[in-house]
Amino acid sequence: MKIEVTNFTKTIGKTNVLENISVTLNSGHIYGVVGKNGSGKTMFLRMISGLILPTEGQVQIDGKVLGKHISFPDHLGILLEKPSFLGHLTGYENLKMLAKIRNDASDEDIQSYMNLFDLDWQSKKKVKQYSLGMKQKLGIIQAMMENQQIIILDEPFNALDEASVETLRQVLRKLKAEKRLIVMTSHNKEDIQLLCDYTFTLSSGKMMSPTNESAVLIAE
Ligand SMILES: Nc1ncnc2c1ncn2[C@@H]1O[C@H](COP(=O)(O)OP(=O)(O)O)[C@@H](O)[C@H]1O
Ligand SMILES: [Mg+2]
């Protein structure tokens, strides 16, 4: 799959929260978006997901313009800040309910992802009793459990314990090998350096590095 962003500017009020961004993202890579708080990292993820529409410019997913030809990319999995789930259901029940919408994840898929992230799928614990890290894991799982080809993760390592950080790193490497297109933000330079093939640095909504289309190659 290919995500092509061309001269994308988003103006809210008088501020350009994203300014003249042009990037191309391809399957089989992990892309990292870095920058200070408020620099536009979450907006960048919203932009390529069709969750904000441009003031100027466009995003194409495999040649289809977001907001025109399609409203939301097919096969997109997304974790944004503070994933919300139904508190009175268990984690497993929440994931099963989400899986029903598309019918792409089997019970076994969900169970094995929960096992992988050290969540007991048979537990009676309701999500309202979950810790922040446990909720984060549910958010991560729903973004990938349906074999989504584009996976967008906003600060996925937040609130995870050491073992889960290692698990997530391994899972992301496996998904990359399966030719998924992964875009993530992180405050942690180590996660970005260990995982990402390319990074984009944002400052006040502008792309600092690379200069537009030529991404900085960290490792390949
Ligand atoms: N709903 C909104 N309305 C107006 N401005 C917003 C909104 N959400 C975020 N912003 C602004 O957009 C800029 C980028 O925010 P964001 O992408 O969330 O930053 P980051 O994820 O890098 O911390 C910030 O200046 C923020 O104040
Ligand atoms: Mg953010």
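Which helix gives the largest share of the shell around ligand 1? Helix 1 (residues 41–49) does, with 3 residues. Helices here are DSSP runs of H or I with at least four residues, strands are E runs of at least two, and both are numbered from the N terminus.

A word on the model. It is predicted: local features need pLDDT of at least 70, side-chain atom pairs count only at pLDDT 80 or more, and totals for chains, interfaces and linings use all residues. Residues are numbered from 1 along each chain as its sequence is written, chains are lettered from A and ligands numbered from 1 in the order written, and side-chain values use heavy atoms, without hydrogens and water.

Start at the ligand. Around ligand 1 sit Ile12, Val17, Lys36, Asn37, Gly38, Ser39, Gly40, Lys41, Thr42 and Met43; each has a heavy atom within 4 Å of the ligand. By class, this shell has 3 nonpolar, 5 polar and 2 charged residues. Nonpolar means Ala, Val, Leu, Ile, Met, Phe, Trp, Tyr, Cys and Pro; charged means Asp, Glu, Lys and Arg; the others, Gly among them, are polar.

A polar side-chain atom of Thr42 lies 2.8 Å from one. A backbone N or O atom of Gly40 lies 3.0 Å from an oxygen of the ligand, and for Ser39 such a backbone atom lies at 3.2 Å. The protein buries 54% of the 560 Å² that ligand 1 exposes when taken alone (Shrake-Rupley areas, 1.4 Å probe).

Now follow Val17, in strand 2 (residues 15–26). Beyond its neighbours within four places in sequence, Val17 contacts Lys10, Ile12, Gly40, Met43 and Gly205 (heavy atoms within 4.5 Å). Val17 and Gly205 are 188 residues apart in sequence, yet their C-alpha atoms are 4.9 Å apart.

Finally, turn to helix 4 (residues 132–144) and helix 5 (residues 162–177). Lys137, Ile140 and Met144 in helix 4 meet Ser164, Leu168, Val171, Leu172 and Leu175 in helix 5. These contact residues divide into 6 nonpolar, 1 polar and 1 charged.

Conventions: Polar contact = N/O pair within 3.5 Å; in protein donor to acceptor, adjacent residues only side chain to side chain.
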